[in-house]
Amino acid sequence: MNCYLLLPFMLGIPLLWPCLGATENSQRKKVQQPVGSHLRVKRGWVWNQFFVPEEMNTTSHHVGRLRSDLDNGNNSFQYKLLGAGAGSTFIIDERTGDIYAIQKLDREERSLYTLRAQVIDITTGRAVEPESEFVIRVSDINDNEPKFLDEPYEAIVPEMSPEGTLVIQVTASDADDPSSGNNARLLYSLLQGQPYFSVEPTTGVIRISSKMDRELQDEYWVIIQAKDMIGQPGALSGTTSVLIKLSDVNDNKPIFKESLYRLTVSEAAPTGTSIGTIMAYDNDIGENAEMDYSIEEDDSQTFDIITDHETQEGIVILKKKVNFEHQNHYGIRAKVKNHHVDEKLMKYHTEASTTFIKIQVEDVDEPPLFLLPYYIFEIFEETPQGSFVGVVSATDPDNRKSPIRYSITRSKVFNIDDNGTITTTNSLDREISAWYNLSIIATEKYNIEQISSIPVYVQVLNINDHAPEFSQYYETYVCENAGSGQGLFF
């Protein structure tokens, strides 16, 4: 059944507009005429909007019709269409008043056109009615798929997070009309990421659905799909990828991979010498993998362990000098623990990992060692050549006990034999030299490069070997008449 919209014109000539059905909004108005007017009373009229679907498949789509009730079909009226889109998007049949859309429309580009209509009497060239304004709305079809506008998505969540932990929310938008059915109503689903993740269908919130261990896998690619029309048949869809990375928590303690380390140290090494490294491994990363090495208390007298915070190695250092002849091997036990441990994760660190270190002391060919730090001998002056002065003694501290040879540096008065016995080579005179400072050198017979020296002090003791002497010649005088007991003159 044809239905027309009736437009009143001021000259009493109504225009008929097609109405599209009961679903369209309409508003009835009663036209009031002034009392005493000779104009014909106008009928009530219905105002409707024209609708045209977007993306129409024809190049000439009939939108509706404008027609005056005075039009008797004799082609005396001419219909005109004015406004934005007239002639380019919409045209009107000047004789019949039929309106056509001549190109595809896109509601997402423009959803409403406001046009003006005019009817002309071609016999007089005058307007039958003033211009009237009407609206053509572009009705929506589901021609836009959902799009995720905030890509790329990336999220970080701690490993071992409990089920239900929020990861991230993804949001898609649909350019279709949200008021037109379900065209823009979206439903989210998970295409990839089970069983570790889930997505809330209406919000796009991604949550954890199963605990994950970073040490097994540290990142996941999750694919989310958004469907419009709440997933009904014919719905359009869009997808997005979410990179989810697991951040580390300290759920692993450091562990020694080696149960025994063998190191060596020279007995000549000074204190503070690094004698080797040990290494524990931690599956965690960053701050959670920082370690502290230590030696159990009972073993910490001779050696120590410090931590290299760059490499996380334990450096074994010499705390006190060692002596091969005294002790040629040591056994110590080292332990390791993390530097930073959250109280909530202490259950993973209840018992520290340990390892045993065997340290072998290497023998070094050491120089002879004198029994005393210095010697002091005494001898009387005027003793004959070859007289005994004293004995020095040095020994080889090494196991092979090399024989020792002795010598005196730059001395023409004393001599020393291979037994360390010092004798005189000349007679001594205390009045010439009361002390002699000697340097005795001990040399290993099997390795002449191994030498030691020691100071020897020889004191020459006095004997009564000189008669008294006046310090000068004295000449005396006496008077010839001097009596007995009278003094002499010098």
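Leaving aside its neighbours within four places in sequence, which residues is Ile278 in contact with? This is a predicted model, and in it Ile278 touches Phe256, Tyr261, Tyr293, Ile305, Glu313, Gly314, Val316, Ala334 and Ile357. That list makes a handy way into the structure, so let's start from there.

**The core around Ile278**

Ile278 is one of the residues with the most contacts inside the largest nonpolar core, alongside Val265, Phe303, Ile357 and Ile359. The core has 24 residues. Which elements give two or more residues to it? They are strand 24 (260-266), strand 25 (274-281), strand 26, strand 27 (303-308), strand 28 (313-318), strand 29 (329-338) and strand 30 (353-362). Strand 29 gives the most, with 4 residues. As background, nonpolar side chains in soluble globular proteins tend to be buried together.

**Aromatic pairs**

There are 11 aromatic pairs in the structure. Here are two of them.

| Pair | Centre to centre | Angle between planes | Geometry |
|---|---|---|---|
| Phe256 and Tyr293 | 6.0 Å | 50° | tilted |
| Phe414 and Tyr436 | 5.2 Å | 75° | edge-to-face |

Why does the Phe256 and Tyr293 pair count as tilted? Its planes sit at 50°, and tilted is what's left once planes under 30 degrees apart are called stacked and those over 60 edge-to-face.

Elsewhere, ring pairs link Phe148, Tyr153 and Tyr188 into a cluster. There's also a charge over a ring: Lys257 lies over the face of Tyr281, at 4.7 Å from the ring centre.

**The largest pocket**

How much space lies in the largest pocket? About 170 Å³. Its lining is made up of Phe51, Arg107, Ser111, Arg137, Val138, Ser139, Asp140, Asp177, Ser179 and Ser180. Strand 13 (residues 132-139) supplies the largest share of that lining, 3 residues.

Technical notes. Residues are numbered from 1 along each chain as its sequence is written. This is a predicted model: local features need pLDDT of at least 70, side-chain atom pairs count only at pLDDT 80 or more; totals for chains, interfaces and linings use all residues. Side-chain values use heavy atoms; hydrogens and water are left out. Rings of Phe, Tyr and Trp (its six-membered ring) pair if their centres lie within 6.5 Å; planes under 30 degrees apart count as stacked, over 60 as edge-to-face and the rest as tilted. A charge sits over a ring if NZ of Lys or CZ of Arg is within 6 Å of the ring centre and within 35 degrees of the ring normal. A nonpolar core is a set of buried Ala, Val, Leu, Ile, Met, Phe, Trp, Tyr and Cys residues joined through side-chain atoms within 4.5 Å. Buried means under 20% relative accessible area, exposed over 50%, partly exposed in between (1.4 Å probe, protein chains only). Contact means heavy atoms within 4.5 Å. On a 1 Å grid over the protein atoms alone, a cavity is a set of points where a 1.4 Å probe fits but cannot get out, and a pocket is an open set with protein on both sides within 12 Å along at least five of seven lines; lining residues have an atom within 4 Å of a point. Grid points are joined across faces, edges and corners, and a volume is the space filled by probe spheres set on the points.
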